[in-house]
Amino acid sequence: MASSGIKPGILVSLQELDSSSPLFKQGASLRVTGKLQGYDAETAIAIIIDASVSLKIDTQHLRGINFRIGSIYQFIGELLIQSDNNALLQARVGRNVDGIDLNLYHQSLQLRRQFEAEHLSSRTI
């Protein structure tokens, strides 16, 4: 069976996306969530923020999303590292997730990672 070439977006919080992170690499397929801080319709660039960390999102390939400042959005796409070591996510999927509790979301992300680490270590024994 042939693979489609589209990789799943790895769940990652914005706080984890710094230049020392193993996920901070050109073309990494990621899923990020944050509050919309700004949107420029002319360039199709959105800026999401979570705590004090922000990320630019290129939304030019998305259709049917009404961007509202202050709403919470989740995007899946590929990370593009620019020459100044700043990141831009080239979104292929985006959705409004208003109503999500970001603190609970981060807790569930940590629990998932803990479970996966334990599960992988038990399989290698």
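Me: Let's start with charge. How many Å apart are the mean positions of the positive and negative charges of the protein?

Reply: First, the idea: Lys and Arg count as positive, Asp and Glu as negative, while His and the chain ends are not counted. Each charge is placed at NZ of Lys, CZ of Arg, CG of Asp or CD of Glu. Here there are 12 positive and 12 negative charges, and their mean positions lie 7 Å apart. By the way, this is a predicted model, where local features need pLDDT of at least 70, side-chain atom pairs count only at pLDDT 80 or more, and totals for chains, interfaces and linings use all residues. Residues are numbered from 1 along each chain as its sequence is written, and side-chain values use heavy atoms, with hydrogens and water left out.

Me: Okay. Which pattern does the protein follow along the sequence?

Reply: Helices (H or I, at least four residues) and strands (E, at least two) are DSSP runs, numbered from the N terminus. This protein has one helix and six strands, in the order β-β-β-β-β-β-α.

Me: Now leucine 17. Where is its place, and is it buried or exposed?

Reply: Buried means under 20% relative accessible area, exposed over 50%, partly exposed in between (1.4 Å probe, protein chains only). Leucine 17 sits in the loop between strand E1 (10-11) and strand E2 (29-40). With a relative accessible area of 14%, leucine 17 is buried. Across the protein, 36% of the 125 residues are buried.

Me: Which residues does leucine 17 touch?

Reply: A contact means heavy atoms within 4.5 Å. Leaving aside residues up to four places away in sequence, leucine 17 touches Val12, Leu23, Phe24, Leu30, Val32, Leu55 and Leu79.
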